[in-house]
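Welcome! Please take a look at it first, and then read on.

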Amino acid sequence: MNNQHPSLKFTCEDAQGNLPFLDVNVTIENGTLCTTVYRKKTHTGVLLNFSAMAPMKWKIGLIYCLINRAWSICSTRHYFDIEL
């Protein structure tokens, strides 16, 4: 597939217990698929400083966005609590 277009580069990974896919980290635990939020190794955790000169609705919206993301991706309440 990499020969189809010079700008596209596909990779193949062997899953060794977990497989990151987009924002989701998929693992198999006790024969069931479990999902958690995936972050790259370069993730710094810096999103928006609360004292930044930005509208309050942006700051509140960011919090809602992160909670919704965790709720949508995490497969169990335990993983959701860890993400929060």
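**Cysteines**

Counting a disulfide as a pair of cysteine sulfur atoms within 2.5 Å, the tally here is zero disulfides. Cys34 is in no disulfide, as the nearest cysteine sulfur, that of Cys74, is 11 Å away. Cys65 is in no disulfide either, with the nearest cysteine sulfur, again that of Cys74, 13 Å away.

A word on the basis of all this: the model is predicted, so local features need pLDDT of at least 70 and side-chain atom pairs count only at pLDDT 80 or more, while totals for chains, interfaces and linings use all residues. Residues are numbered from 1 along each chain as its sequence is written, and side-chain values use heavy atoms, with hydrogens and water left out.

**Buried and exposed**

- Cys34 is buried, at a relative accessible area of 7%.
- Cys65 is partly exposed, with a value of 45%.
- Across the protein, 15% of the 84 residues are buried.

**Fold and overall form**

- The protein has two helices and three strands, where helices (H or I, at least four residues) and strands (E, at least two) are DSSP runs numbered from the N terminus.
- Following the sequence, the pattern reads β-β-β-α-α.
- The radius of gyration is 17 Å, well over the 12 Å that the globule rule gives for 84 residues, so the protein is more spread out than a compact globule.
- That radius is taken over C-alpha atoms, and the globule rule is 2.2 Å times the number of residues to the power 0.38.
- The C-alpha trace spans about 45 × 40 × 20 Å along its principal axes.
- With contact meaning heavy atoms within 4.5 Å, residues 24 or more positions apart account for 31% of the contacts with a separation of 6 or more.

**Pro6**

- Pro6 sits in the segment before strand 1 (18–21).
- Pro6 is exposed, with a relative accessible area of 68%.
- Between the C-alpha atoms of Pro6 and Met56, which are 50 residues apart along the chain, there are 43 Å.

**Charges**

- The protein carries 8 positive and 6 negative side chains, and the centres of the two sets lie 13 Å apart.
- Lys and Arg count as positive and Asp and Glu as negative, while His and the chain ends are not counted.
- Each charge is placed at NZ of Lys, CZ of Arg, CG of Asp or CD of Glu.

Conventions: Buried < 20%, exposed > 50% of the residue type's maximum accessible area, 1.4 Å probe, protein only.
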